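Visitor: I am new to this structure. Please pick one part and take me through it closely.

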Amino acid sequence: MALALPSVRLLPLAPSRATAPTSSPLSVTRTRPRALPLPRVRCCASRISHRAAAASEATPSWAGELASSVPWKAAVSGALALAVCFTCFVGSANARTGVNKPELLPKEFTTVIDVAGFLSSGQENRLRQEIEDLEKDTGYKLRVLAQNYPDTPGLAIKDFWQVDERTIVFVADPTFGNIINFNVGPLVDLDVPRSFWSQVSGKYGNMFYWKEKGEDASIEAAVTAISRCLRDPSGTNNCSEVL
């Protein structure tokens, strides 16, 4: 004999579109979280970018006004003259303290001054002749000072040699390792790449070179390299190699 089961009424878990939601205990009511207002953040990047943009717009106009009012070569020469200030150069070549000893200058004018005794009389004569020929052919004035700090005329050589924009002062001093130092006039700097001077100093002025071959060999090799460079025709490959 079959037993009759009681009928069970199923309640819907979610309301249908046609019926209104019921308050049945089986129904689930989901509430959306309330969005909290975020604090307002003021960003100053826009202001900075506007200022930077204004500055970048003002820069070309300023540069254009300067370029139109000052000749190009005069501006470059003035900047280079400050960059290769002779007084600053002698101060660095002669350690931290500038030296001015005019009593160490020769009584008669000469383009080669050797107060350190690195060169023989024959070497000095050859260098003088090379420097004289170079000046006649190119107009550049090369001057050589061989010294052992602090035994040096120092700043006194500026007036003695009448150093100007076309002068190259070559100071040979092994006191601080590299024996070769240069002071290059602004007009020379326009024609000769700056990398040339560092190449000459690195090749012939390093301590290994002059200790093995002698200070006189370093001086002569540097003068020969400078003379060859200044005689090269101007161009992209001018003074590109130190032989």
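Guide: Start with a term: a residue is buried under 20% relative accessible area, exposed over 50%, and partly exposed in between, using a 1.4 Å probe and protein chains only.

Some ground rules. This is a predicted model, with residues numbered from 1 along each chain as its sequence is written. Local features need pLDDT of at least 70 and side-chain atom pairs count only at pLDDT 80 or more, while totals for chains, interfaces and linings use all residues, and side-chain values use heavy atoms, without hydrogens or water.

Now the sheet. Helices (H or I, at least four residues) and strands (E, at least two) are DSSP runs, numbered from the N terminus. Two strands pair if DSSP finds at least two bridges between them. Four strands form an open sheet here, in the order β1-β2-β3-β4, and the pairing is mixed. β1 (112–114) and β4 (180–184) are the edge strands, each pairing on one side only. On average, neighbouring strands of the sheet are turned by 15° against each other, direction ignored. Axes are lines fitted to C-alpha atoms, for helices over the stretch in contact, and angles run from 0 to 180 degrees between N-to-C directions.

Walk across the strands. β1 and β2 (residues 141–146) run parallel and are joined by three bridges. Val-112 faces Val-144 of β2 there. Next, β2 and β3 also run parallel, with six bridges between them. Arg-143 has Val-169 of β3 as its bridge partner. Val-169 has another partner, Asn-183 in β4. β3 and β4 pair in the antiparallel sense, over five bridges.

The path from β2 to β3 deserves a look. Together with helix α5 (residues 156–161), these strands make a right-handed β-α-β unit. Right-handed has a plain test: point the strands away from you, and the path from the first strand over the helix to the second runs clockwise.

A contact means heavy atoms within 4.5 Å. Helix α7 (residues 194–204) touches β3 (167–172) and β4, and its direction makes about 165° with that of β4. Helix α9 (residues 215–231) touches β2, β3 and β4, at about 160° to the direction of β3.

How many residues of β3 are buried? Six of the six are, so β3 is largely enclosed by the rest of the structure. In a regular strand the side chains alternate between the two faces of the sheet. Both faces of β3 are covered. Thr-167, Val-169 and Val-171 are buried on one side, and Ile-168, Phe-170 and Ala-172 are buried on the other.

Phe-118 lies in the loop between β1 and α4 (121–138). Its relative accessible area is 14%, so Phe-118 is buried. Leaving aside neighbours within four places in sequence, the contacts of Phe-118 include Ala-146, Gln-147, Ala-172 and Ile-219.

Follow Gln-147. This residue sits in the loop between β2 and α5. Its relative accessible area is 1%, so Gln-147 is buried too. A polar contact is a pair of N or O atoms within 3.5 Å; within protein, one must be able to donate a hydrogen and the other to accept it, and residues adjacent in sequence count only if both atoms are side-chain atoms. The side chain of Gln-147 makes one with the side chain of Thr-152 (2.4 Å). Another reaches the side chain of Asp-173 (2.8 Å). Thr-152 belongs to the loop between β2 and α5, and counts as buried at 0% relative accessibility. Gln-147 and Ile-179 are 32 residues apart in sequence, with 9.7 Å between their C-alpha atoms.

Finally, back to helix α9 and the cysteines. A disulfide is a pair of cysteine sulfur atoms within 2.5 Å. By that rule there is one disulfide. Cys-229 and Cys-239 form it, with sulfur atoms 1.8 Å apart. The link of Cys-229 and Cys-239 is right-handed, with 90° about the S-S bond. Cys-229 is in helix α9 and Cys-239 in the segment after α9, ten residues apart. Cys-229 is buried at 3% relative accessible area.
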